[in-house]
Amino acid sequence: MIGPAVVRKTQQLGEFMGELLMVGCGWMGRPYLGRAHARGLDVSVLDTSAALGWEETKAALGPGDRGYPVTATDDEGWLAAATTALADGPVAGVLGFSEPHIVAAAMLAEELGLPGPGVRAAAISRNKLMQREVFGRAGLNQPEYLHARDAAAAESFAAGRYPVVLKPLSSMGSLGVRIAADHHELHAWANKQPANASFLIEEYLDGPEFSVEALIVDGAPVFESVTAKTTTVAPYRVELAHHVPAGLDAADRQAISTLLRQVIGALGMRTGVVHFELILRSDGPHIVEIATRTPGDYLMDVIQAATDVDLYDAAVAAACGLPLNLPSGATGTPPPRMASVWFPTPPAGTVSAVEGVERVAKLPGVVKIEIDVAPGDEVHELRSSMDRVGMVVYQAPDRRELDAVLARVRDELRIAVTA
């Protein structure tokens with residue numbers, strides 16, 4: 001097997017030897033395949049037999065790509081499949097882009113001497129309690145919290161603090177997170193958790209929510225973009241839309257940028273894309289959590305629509321140590337336009353009709369539309385991002401026209417639901 005140093009040297013000379021190893025692919029991994037192919041990279045894909053057999057996945061695979069089935073989607077499963085893949089040829093980079101992938105991908109990158117977030121940063125990002133402990137020791141702004149092992153301990157912490165935020169320690173995104181208004185809601189949530197499972201209870205921070213999507217190379221941000229969120233109200237606070245750029249003044253932008261660097265330093269994050277969530281209060285930004293992976297919710301598409309920065313390509317390039325295609329002065333430069341993603345929210349029930357998708361796709365300003373329900377499908381109460389039914393990414397030169405594009409989308413798109 002050709003070692004990583006030889007692979008990198010060969011790349012510098014313009015001749016590719018090796019492949020990108022993708023830990024997981026599924027539906028959301030297809031853009032990374034396309035960007036890898038555009039750079040002349042073949043891809044070895046680790047995924048379930050079912051996912052490798054999807055028509056959409058097979059269509060996205062190139063002639064030189066290879067699939068390696070996993071027997072389980074835990075760290076052990078990914079690593080076992082990687083052993084087979086690594087025996088078949090050199091690896092130029094390792095990419096994991098979703099929560100179940102990132103620890104195994106970081107372990108593989110570190111073992112091979114390739115760029116990656118680092119095992120410590122990946123492991124901490126997967127555990128909300130570890131984040132609180134690490135950021136607390138660094139003296140960074142974040143909510144007060146307690147690692148609760150039962151409802152009684154949580155209730156003692158919550159007394160005089162309601163509402164409070166309840167979180168499983170290692171769930172994906174906001175799955176399972178709830179805002180409890182009183183002890184009745186706290187006990188109802190705690191009683192639904194797995195037996196003997198501890199959890200995190202936190203002070204509720206009221207304020208506008210934002211996220212930072214940043215590309216880190218060798219521990220330093222080389223690109224960062226701040227996204228404003230529109231969410232539902234308590235108890236679940238599910239995102240209804242994301243907007244780039246966030247409408248912030250210079251002082252708030254600088255405070256958020258400073259906190260990002262402090263968080264990256266506390267994690268020991270090395271190389272890769274991060275998704276950093278925060279709440280902005282009168283005393284500055286406060287940490288919600290950080291993920292050492294690319295963001296979901298089609299934020300990569302929104303950022304590209306607003307800034308022309310292709311974070312799919314950047315993630316592939318950074319993982320392989322290849323040159324980045326970033327505009328000069330990308331960090332801190334105002335984007336040339338505005339862009340958003342909107343998630344339609346029909347009421348719970350059975351879908352009776354979906355109309356206007358093709359018309360919306362042709363509207364000026366619409367970048368992408370995906371509707372994931374059809375007549376006969378069930379729509380559930382919006383409790384997490386998993387309950388959403390689709391999305392529309394759209395762009396415009398300014399906020400007035402951006403709002404006008406959304407108004408036209410709402411006029412054309414109809415998802416009818418019967419109770």
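Contact means heavy atoms within 4.5 Å. Helices (H or I, at least four residues) and strands (E, at least two) are DSSP runs numbered from the N terminus. The views show a predicted model, in which local features need pLDDT of at least 70 and side-chain atom pairs count only at pLDDT 80 or more, while totals for chains, interfaces and linings use all residues. Residues are numbered from 1 along each chain as its sequence is written, and side-chain values use heavy atoms, with hydrogens and water left out.

**View A. An open sheet of four strands with parallel pairing.** The strand order is β3-β2-β1-β4, where two strands pair if DSSP finds at least two bridges between them. At the edges stand β3 (66–69) and β4 (91–96), each of which pairs on one side only. On average, neighbouring strands of this sheet are turned by 20 degrees against each other, direction ignored. Five bridges join β1 (residues 19–23) to β4 in the parallel sense. L21 stands opposite V94 in β4.

**View B. Helices α2 and α6 across strands of the sheet.** Helix α2 (residues 30–38) lies across β1, β2 (42–47) and β4, and runs at about 160 degrees to β2. Helix α6 (residues 102–112) lies across β1 and β4, at about 160 degrees to β4. Axes are lines fitted to C-alpha atoms, for helices over the stretch in contact, and angles run from 0 to 180 degrees between N-to-C directions.

**View C. S44 in strand β2.** S44 counts as buried because its relative accessibility is 3% (buried means under 20% relative accessible area, exposed over 50%, partly exposed in between, with a 1.4 Å probe and protein chains only). Leaving aside neighbours within four places in sequence, S44 is in contact with E19, L20, L21, M22, R66 and Y68.

**View D. The packing of helices α9 and α10.** Helix α9 (residues 151–158) and helix α10 (residues 183–190) pack at an angle of about 150 degrees, and their axes are 10 Å apart. The two helices are therefore roughly antiparallel to each other (angles under 35 degrees count as roughly parallel, over 145 as roughly antiparallel, 65 to 115 as roughly perpendicular and the rest as oblique). From α9, residues A151, A154, E155 and A158 meet H183, L186, H187 and A190 of α10.

**View E. P364 in the loop between α14 (357–361) and β16 (366–371).** P364 is exposed, with a relative accessible area of 60%. Not counting residues up to four places away in sequence, P364 touches V405 and R408. P364 and R408 are 44 residues apart in sequence, and 9.6 Å apart in space from C-alpha to C-alpha.
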